[in-house]
Amino acid sequence: MKPAEYYMRDRQHHAPALTPDYKTSITRSPQYALLSLENSLSEITGPVFSHNDIDALDNDLIKNYSHGGDPIGERIIVHGRVLDENARPVPNTMVEIWQANAGGRYRHKKDTYLAPIDPNFGGCGRTMTDADGYYYFRTVKPGAYPWRNWVNNWRPAHIHVSIFGAAFAQRLITQLYFEGDPLIAKCPIVQTVPDPQAIDQMVAKLDMNATIPLDSIAYRFDIVLRGRRSTLFENRLEGN
Amino acid sequence: MNYLKETPSQTAGPYVHIGLAPKAAGFDIFKQELGWDIAGPNAKGERIRVEGCVYDGTGAPVKDVLLEAWQANAVGHYAHPEDGREVEDGFRGWGRVITDFDTGLWGFDTVKPGATQGRNGMTQAPHINLWIVARGINLGLNTRLYFADEDNSNDPVLNLIEQTHRRQTLIASRDEDSKGVTYRFDIHIQGTGETVFLDI
């Protein structure tokens, strides 16, 4: 089968570049229209990773930065599938996450929030999806934290998620929020996304079936990347 | 058809380094961080360095930006099954680039890519595909870096840019000295000289 294009990215489903309530976007948003391209080989290809690129413990944030103990916080499992817009699994793709610790503090030299660093928590992990597009991480639930936007803004608890897919056109970074968090509705970053149903796609759901009794609570988070046409009739994408 | 919708993008935020470049955040956790070696030791072709700075709408450097580069090898092959042609052992063609936190300058070493297949039998001039994320950027910005010393006149993407003077925003200047070849590519997110960004 000839390689085919990805579906046009629905930019009305995403946040616009300029979202004044999220102040930093004001000077970091292009003013001119994007140049729309039909996919070439440059866009339908993208980096390929393998299990050799990562370690077995990389998806376990409770153990991957342990310095003689476990991190403090609510033990959680975050799991789900990476699918495309055709609802097909995206297998063997890299998923990376990063987050604050249970107190809302990042292990980053630029984070100066007064909540303490956790000596046993790095706050990052990565894994590859399996043949069904399935992935999972074990971590602690991140805390909410204040940030400078308006005088009093708090980020809802969240985990940053980076996904590659099979092509540079599918590359995506998003954030995972937790079901029931009242800060979601108040966050100018979450609310850059105009459609409430789209926001709901970023909210991980409590998953009692995956919860491990007497051990860890589970949240389900399915991720959808751009889909693509299955056939190409003419005007071939490839050269000769 | 019951199509799903793409998960919405959110900003990578100021602490993107924790996840994607933890040593820059100030700690050592992974056996190997990804994206530091774009071309690998066996890649043929001209070894080059690419340097630049990303500027915001006020003209200030964006010091917390992260870029990813995606490129073909020196003969225009992508290391991907849908290209399918051979690349050198160890050539991935993908890199991750962060700034000096004090200056906002970034740079990476690679090989100069060759011309690649375009659509409908056309040829694309040599280029590096770039993806830019940062605090304040809600959805990653795509652009391309072309090379000033190449013939870019028939490139199908550059030729789509209606205001011809804006094509220059995608062309890196070349400088050569005893240390080697360096291309300079500054990116202006907004305002005077705004870089052409792509909806791919």
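**Exercise 1. Which residues lie nearest the centre of the largest pocket, and how many residues line it?**

Solution. 
- Start with the model: it is predicted.
- Take the lining. It has 35 residues.
- Go to the centre. Trp147(A), Arg148(A), Pro14(B), Tyr15(B) and Arg135(B) lie nearest to it.
- The largest pocket holds about 930 Å³ of space.

**Exercise 2. Sort the lining of the largest pocket by class, then find strands of chain A that supply at least two residues each.**

Solution. 
- Sort by class. The lining has 15 nonpolar, eleven polar and nine charged residues.
- Look for strands in chain A. Strand S6 (145–147), strand S7 (153–155) and strand S8 (158–163) each supply at least two lining residues.

**Exercise 3. Explain why strand S2 (residues 75–84) of chain A is largely enclosed by the rest of the structure.**

Solution. 
- Set the cut-off. A residue is buried when its relative accessible area is under 20%.
- Apply it to S2(A). Eight of its ten residues are buried.
- Conclude. S2(A) is largely enclosed because those eight residues are buried.

**Exercise 4. Work out how S2(A) pairs with S5(A), S11(A) and S12(A), and name a residue pair for each.**

Solution. 
- Take S5(A), residues 134–140. It pairs with S2(A) in the antiparallel sense, over seven bridges. Here Arg81(A) has Tyr134(A) as its bridge partner.
- Take S11(A), residues 217–220. Its pairing with S2(A) is parallel, over four bridges. His79(A) is partnered by Arg220(A).
- Take S12(A), residues 223–225. It runs parallel to S2(A), joined by three bridges. Leu225(A) in S12(A) stands opposite Asp84(A).

Definitions and conventions. Residues are numbered from 1 along each chain as its sequence is written. Chains are lettered from A and ligands numbered from 1 in the order in which they are written. This is a predicted model: local features need pLDDT of at least 70, side-chain atom pairs count only at pLDDT 80 or more; totals for chains, interfaces and linings use all residues. Side-chain values use heavy atoms; hydrogens and water are left out. Buried means under 20% relative accessible area, exposed over 50%, partly exposed in between (1.4 Å probe, protein chains only). Two strands pair if DSSP finds at least two bridges between them. On a 1 Å grid over the protein atoms alone, a cavity is a set of points where a 1.4 Å probe fits but cannot get out, and a pocket is an open set with protein on both sides within 12 Å along at least five of seven lines; lining residues have an atom within 4 Å of a point. Grid points are joined across faces, edges and corners, and a volume is the space filled by probe spheres set on the points. Ala, Val, Leu, Ile, Met, Phe, Trp, Tyr, Cys and Pro count as nonpolar, Asp, Glu, Lys and Arg as charged, and the others, Gly among them, as polar.
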